[in-house]
Amino acid sequence: MEKFNRYLVTAALPYANGPVHIGHLAGCYLPSDIYVRYLRARKMDVKFVCGTDEHGVPITIKAMQENVSPQDIVDKYYAVIRDSFAAMGISFDIFSRTSRQVHHETAAAFFKEMYDKGLFEERESEQYFDEIKQVFLADRYIIGTCPKCGNDRAYGDQCERCGSSLSPDELINPRSALSDAVPVKRKTKHWYMPLQQYEPWLKQWILEDHKEWKNNVFGQCKSWLDNGLQSRAMTRDSSWGIKVPLPDAEGKVLYVWFDAPIGYISATKELTENWADYWCKDDTRLVHFIGKDNIVFHCIIFPAMLKGHGGFIVPDNVPANEFLNIEGEKVSTSRNWAVWVHDYIQDFPDQQDVLRYVLCSTAPETKDNDFTWKDFQDRNNNELVANLGNFVNRTMVLMHKLCGGKVPQMHASVKDAADDAIFAMLQDAKLKIAENLENFRFRDALAEVMNVAREGNRYLQEKQPWILVKTPELQAANQEKIDNCMHVCLQLTANLAIFLNPFLPFTAQKICHMLKVVDRMLDWENAGSMKLVSVGYSLRAPELLFKKIEDEQVTAQVEKLHAGLKKSAAAAAAAAPAPEAKPAKAEIQYDDFAKLDLRAGTITHAEKVPKADKLLKLTVDLGSEQRTVVSGIAEHYAPEAIIGKQVTLVANLAPRKMRGIESQGMILMAEDNGKLVFVNPDATVAPGSGIS
């Protein structure tokens, strides 16, 4: 770590088209904050930058949905996202926006420098065009049927149902998201970055020089490089974004993934006039914290941009996390299957550290992981309350009860091996926690911190100072042992504050408040010391660090999740276009209709037809006789669910064999958005009653 003189830590710029959810926190914002808080405790020169990504198609789509301007959208969600991060203790040095002038100037200048160096290819290509709206369509503006799963709302770049990456040309029946019109192909000009020219350098830089990167990052990069890189367009046809700074580029903006990572540079410019020290000096360590869906952009495209431009350092590490699922299902903002951070803050006031703890202890560092409200409750009650909170509270209560509320001295005459073991344990824990943090193993680091609390509980339980005060005489004879025990526990509590500070900063501050120590005690150099609280100093009254979470709270949160899902589904159904009515069939005469013998019947038996997914074999009671009818409704109704159902039967239809079974009639059904519904009397009638 000491080989770097300064650190620049970035967290992925969230799109300003909606609030942040706990999957975002677990993915990159909490890990980056833990790492930065540790670096600050080590007194490192570190800048922590982030901001909202306010360009690109998701912004304009959201604006369309809410019938407002893109600027209205980014203004609204910038504030929501900023405030959510602040409330959760994510301690950015700056939280900027890519809509700010400094960013527009920085990104445009970056592009122009590369253009002037001849690093782009100018190409004409055919792209989808909406003739009604008179605009070229970005991939996300094209909707059609996914060729892999049949989802008829797949986007031109991805199907959100099955997760497949797509191109607009792969969609079945593509249409414009703006007008629902069928798009056409038209020629348009763009500037491409020939990524294949950077392949040799990227292979050396990643595959040879950075084998220490996380397996998911290294593996994804290797796969891209092994398959061969291709030229990629760095501009788009749009009116929203950073205008391409060339005279013949009317109506064109920078590709959002060219524009967005430059936001790290512009935010640093905004933060400090010495920004170049953090971006251009080789003794700076640049670390990007991202989710796995951003790996290619931060490990291949952005580094190639920096290399091509020249004068910038490239990232030393990109510790990307996997995805966090919720209650066994993939997070979906479109379906409202998410736990929103601003909602959590409102529902669990002053319990930010509980969420920080759970998300870190279950972080998807090497594989996708699952957040459940039951696990959230268990970890809070069994680990934070029963272990960490229990030790600190017992220590403070006993100190006031047994030592008059003041820090007792350590008596060498009665000091024993158990006391020395605590000091050795703290030294060992300091090394393990630091090693894990420096290697981005945040789950393991937090587990070591909790082990310190467990050792404190074990030590206190072995010493049992409360046994030594059952009588005044007993207490007088053992006061020095009591003092030693409480002194060790208080010093251990202070060490816990230091260890906890990167992970649970609000809890660390509460401990410091009770111990009446200043913030500089939280410096990492103090970890492991047994002289953190001064002998004879009066301490404040104990306060609970955590409180139990009840079953009712968990139930309410699960119900809230499902209610949000239903509300989203209802809104989508309401917004969906009405199904087109089938065209009327050719006109018939009354005599034609009179030939039909329609009768009410009752289903008395139903079973599936073997080797036929769609067919049910029904027995229909017509009063005077029982008919066998084969009906193609197996995908809509279970056999046992329709016993006793009254139906309308075409009774004089010529028999027809289906799968070797003679079907003696046809049951009338209505089709509602693909769902078959029985046509039957609105009141029960006798089987065999005529229908006219």
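Guide: The structure, a predicted model, holds 34 aromatic pairs. Rings of Phe, Tyr and Trp (its six-membered ring) pair if their centres lie within 6.5 Å; planes under 30 degrees apart count as stacked, over 60 as edge-to-face and the rest as tilted. One of the pairs is formed by Trp 257 and Phe 297, which are stacked, at 4.0 Å centre to centre and with 5 degrees between the planes. Trp 257 lies in helix 7 (residues 256-271) and Phe 297 in helix 9 (residues 295-309), so this pair ties together parts that are 40 residues apart in sequence. Helices (H or I, at least four residues) and strands (E, at least two) are DSSP runs, numbered from the N terminus. Trp 257 is buried, with a relative accessible area of 17%, and Phe 297 is buried as well, at 12%. Here, buried means under 20% relative accessible area, exposed over 50%, and partly exposed in between (1.4 Å probe, protein chains only).

The rings of Trp 373 and Phe 376 are edge-to-face, because their centres are 5.0 Å apart and their planes stand at 80 degrees. Trp 373 and Phe 376 are three residues apart in helix 12 (residues 373-403), and thus separated by about one helical turn. Both Trp 373 and Phe 376 are buried. Ring pairs also link Phe 110, Phe 111, Phe 120, Phe 258, Tyr 264, Trp 279, Phe 302 and Phe 312 into a cluster.

Charged side chains also meet rings. Lys 269 lies over the face of Trp 275, 5.0 Å from the ring centre, and Lys 516 lies over the face of Tyr 537, at 5.3 Å from the ring centre. The criterion is that NZ of Lys or CZ of Arg is within 6 Å of the ring centre and within 35 degrees of the ring normal.

Turning to the strands, four of them form an open sheet in the order 5-4-9-10, with antiparallel pairing. Strand 5 (135-136) and strand 10 (231-233) are the edge strands, each pairing on one side only. Two strands pair if DSSP finds at least two bridges between them; strand 9 (residues 184-194) and strand 10 pair in the antiparallel sense over three bridges. Pro 194 stands opposite Ser 231 in strand 10.

Asp 180 has a positive phi of about 70 degrees although it is not a glycine; Asp 180 is placed in the loop between strand 8 (172-176) and strand 9. At 48% relative accessibility, Asp 180 is partly exposed. Gln 464, also not a glycine, has a positive phi of about 45 degrees. Gln 464 is found in the loop between helix 14 (442-463) and helix 15 (472-500), and is partly exposed at 31% relative accessibility.

Ile 588 is found in the loop between helix 17 (551-575) and helix 18 (590-594) and is exposed, with a relative accessible area of 53%.

Residues are numbered from 1 along each chain as its sequence is written, and side-chain values use heavy atoms, with hydrogens and water left out. Local features need pLDDT of at least 70 and side-chain atom pairs count only at pLDDT 80 or more, whereas totals for chains, interfaces and linings use all residues.
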